[in-house]
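Visitor: Could you walk me through this structure, one question at a time?
Guide: Gladly, here it is.

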Amino acid sequence: MAVELNQVNFTAEVQGPMTLVDFWAPWCGPCKTMDPVLAQLEREFSGRVKFAKLNVDQNQELAQQYQVLGLPSYVLFVNGTGVEKVTGVYSKEKLAHYLNRKLAAN
């Protein structure tokens with residue numbers, strides 16, 4: 001299950017080799033659409049990619065820090081550094097392809 005992030009645990013939780021952070025909000029319909037996709041990917045990439053969620057309503061400073069302007073947004077962290085951001089609704093296959101490419105490059 002994806003780790004719930006906040007101001008207190010954010011830095012520590014994104015320190016691993018690769019973490020995908022889902023920036024979401026409870027009122028965001030597309031965010032809800034992506035929940036089952038992310039849950040499937042989390043199982044598929046278990047042990048290779050850590051999945052985490054950040055509620056932007058409760059953590060606006062972090063959302064601003066990573067320039068999250070649209071939802072859902074995903075920021076990929078490698079060794080604690082945000083390296084890339086994508087925004088929008090994606091198919092499981094497209095996100096899996098993206099993650100596999102990033103894993104192969106690191």
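**Salt bridges and their surroundings**

Guide: To begin, Glu-13 and Lys-50 form a salt bridge, with their closest N and O atoms 2.4 Å apart; the term covers a side-chain nitrogen of Lys or Arg within 4 Å of a carboxyl oxygen of Asp or Glu. This is a predicted model, in which local features need pLDDT of at least 70, side-chain atom pairs count only at pLDDT 80 or more, and totals for chains, interfaces and linings use all residues. Residues are numbered from 1 along each chain as its sequence is written, and side-chain values use heavy atoms, with hydrogens and water left out.

Visitor: How many residues apart are Glu-13 and Lys-50?
Guide: Glu-13 sits in helix α1 (residues 10-13) and Lys-50 in strand β3 (residues 50-55). Helices (H or I, at least four residues) and strands (E, at least two) are DSSP runs, numbered from the N terminus. The pair links distant parts of the chain, and the separation is 37 residues.

Visitor: Is Glu-13 buried, partly exposed or exposed?
Guide: The classes are buried under 20% relative accessible area, exposed over 50%, and partly exposed in between (1.4 Å probe, protein chains only). Glu-13 has 22% relative accessibility, so this residue counts as partly exposed.

Visitor: Which residues are linked with Lys-53 in a network of salt bridges?
Guide: A search of the whole structure finds 5 salt bridges. Lys-53 belongs to a network of them, and the residues linked with Lys-53 there are Asp-22 and Asp-35.

Visitor: Which helices does the salt bridge of Glu-44 and Lys-92 tie together?
Guide: The side chains of Glu-44 and Lys-92 meet at 2.7 Å, N to O. Glu-44 is partly exposed at 38% relative accessible area, and Lys-92 is partly exposed at 23%.

Visitor: What is the handedness of the disulfide of Cys-28 and Cys-31?
Guide: The search of the whole structure finds 1 disulfide, meaning a pair of cysteine sulfur atoms within 2.5 Å. Cys-28 is joined to Cys-31 with an S to S distance of 2.4 Å, and Cys-28 is buried at 4%, as is Cys-31 at 2%. The torsion about the S-S bond is about 80°, so the disulfide is right-handed.

Visitor: Which residues have the most contacts inside the largest nonpolar core?
Guide: A nonpolar core is a set of buried Ala, Val, Leu, Ile, Met, Phe, Trp, Tyr and Cys residues joined through side-chain atoms within 4.5 Å. The largest one has 18 residues, and those with the most contacts inside it are Leu-20, Phe-51 and Leu-99.

Visitor: Which elements supply at least two residues each of this core?
Guide: One of the core's residues, Phe-51, is in contact (heavy atoms within 4.5 Å) with residues including Leu-20, Leu-38, Leu-41 and Leu-99, leaving aside neighbours within four places in sequence. The elements that each supply at least two residues of the core include α2 (29-44), β4 and α4.

Visitor: Which residue in β5 is the bridge partner of Val-75?
Guide: Strand β4 (residues 73-78) and strand β5 (residues 81-87) pair in the antiparallel sense over 6 bridges; pairing requires DSSP to find at least two bridges between two strands. Their hairpin has 2 residues between the strands, and Asn-79 takes a positive phi near 55° there. For Val-75, the bridge partner in β5 is Lys-85.

Visitor: With which side chain does the side chain of Ser-73 make a polar contact?
Guide: Ser-73 is found in strand β4 and counts as buried at 0% relative accessibility. A polar contact is a pair of N or O atoms within 3.5 Å; within protein, one must be able to donate a hydrogen and the other to accept it, and residues adjacent in sequence count only if both atoms are side-chain atoms. At 2.8 Å, the partner side chain is that of Thr-87.
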